[in-house]
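Here is a friendly walk through one model, from the whole chain down to a few side chains. Please keep the viewer open as you read.

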Amino acid sequence: MTRHDPITGRYVYLTIEGIEYRVYYEEAGEGIPLLVGHTAGSDGRQYRHTLCDEEVTKNFRVIAFDLPYHGKSLPPHGVRWWEKEYNMTKKFMMDFQLELSKALGLDRPVYMGSSMGGHLAIDLASNYPDNFRATISVEGALRSAAEYVDVGMAGIRKEFDNPNVNRTSIGAAMMLNISPYSPEANVREIQWEYSCGGPGVFAGDLYYYYYDHNVSPEEASKIDTSRCMLYFLTGEYDPNTSPADTKIAADLVKGSKFWTMEKLGHFPVTEDYTEFRKYLLPILEEIQQASATRAKVA
């Protein structure tokens with residue numbers, strides 16, 4: 001028999017900071033909208049297992065997007081983008097979610113992101129709590145670890161935006177961030193995805209990941225989880241954002257919830273989705289129950 005995934009892919013046009021982008025997204029399911037954000041230098045393919053998980057899609061409309069310059073979302077047409085150095089910023093990351101939600105007519109979606117997407121979950125909860133009913137920070141923290149930040153963008157570009165270095169080296173570098181317990185087939189898939197990225201995109205994404213995302217303890221303590229609930233999930237084998245790093249953020253955000261995911265690394269959604277969903281499903285059930293309670297009160 002012919003098999004198909006229950007996924008629909010489309011393009012939507014978004015205007016952000018005065019530039020129109022043709023953005024690719026895939027979706028599956030119905031119910032509460034759930035936007036899922038990919039890691040730096042990758043794309044929405046990371047969420048293919050989530051999109052095919054009937055336990056998720058029976059109550060949630062899962063929407064996996066490719067940020068501009070990533071995956072099937074090409075650089076903007078009519079803009080001389082090749083003449084500028086690509087850097088992803090906090091403002092663009094937040095504006096993108098707002099514009100995508102508006103374009104798709106989403107009512108206070110849930111946002112879940114991993115790595116730089118996990119950082120964004122904190123920024124959204126802090127800056128736009130009334131636009132999202134909850135955010136889930138996967139491998140997120142107040143800011144990235146100092147030993148990586150201290151390298152500087154010049155050092156990052158030398159390593160990851162160097163014409164003398166093959167792009168497959170970026171995929172190979174991801175091996176350092178993956179749990180030793182993750183199945184090899186999944187690890188190879190992560191490497192493949194990272195080897196497909198456009199030149200300079202991974203390095204440019206790290207501008208947001210390492211520098212533009214920087215939440216102070218004071219800002220974190222002001223996040224109101226009664227307006228936008230914030231969940232934290234971090235793999236115990238993540239060398240970039242350790243569980244201890246995430247716990248610092250969780251302890252500052254009153255009412256937030258945090259779990260260390262055993263035997264998972266920096267890419268839990270792709271590394272071993274079977275294990276990741278054990279942590280995800282209870283969170284989604286809690287969000288669903290909270291939404292139902294809120295609807296009754298209203």
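## Overall fold

The protein chain comes to 13 helices and 8 strands, where helices (H or I, at least four residues) and strands (E, at least two) are DSSP runs numbered from the N terminus. This is a predicted model, in which local features need pLDDT of at least 70 and side-chain atom pairs count only at pLDDT 80 or more, while totals for chains, interfaces and linings use all residues. Residues are numbered from 1 along each chain as its sequence is written, and side-chain values use heavy atoms, with hydrogens and water left out.

Along its principal axes, the C-alpha trace spans about 60 × 45 × 40 Å.

## Packing and surface

Of the 298 residues, 52% are buried; buried means under 20% relative accessible area, exposed over 50%, and partly exposed in between (1.4 Å probe, protein chains only). Among contacts (heavy atoms within 4.5 Å) with a separation of 6 or more, 76% join residues 24 or more positions apart.

The accessible surface comes to about 13900 Å², and carbon and sulfur atoms hold 50% of that area. Such areas come from the Shrake-Rupley method with a 1.4 Å probe, and for residues only the protein chains shown count as cover.

## Charges

The protein chain carries 30 positive and 41 negative side chains, with the centres of the two sets 4 Å apart. Lys and Arg count as positive and Asp and Glu as negative, while His and the chain ends are not counted. Each charge is placed at NZ of Lys, CZ of Arg, CG of Asp or CD of Glu.

## A look at Leu14

Leu14 sits in strand β1 (residues 8-16) and is buried, with a relative accessible area of 2%. Its contacts beyond four places in sequence include Ile19, Tyr21, Val23, Phe96 and Leu100. The C-alpha atoms of Leu14 and Phe96 are 8.0 Å apart, although 82 residues separate the two along the chain.

## Cysteines

How many disulfides does the structure hold? There are 0, a disulfide being a pair of cysteine sulfur atoms within 2.5 Å. Cys52 is in no disulfide, because the closest cysteine sulfur to that of Cys196, in Cys52, is 19 Å away, too far for a bond. Both residues are partly exposed: Cys52 has a relative accessible area of 30%, and Cys196 has 42%.
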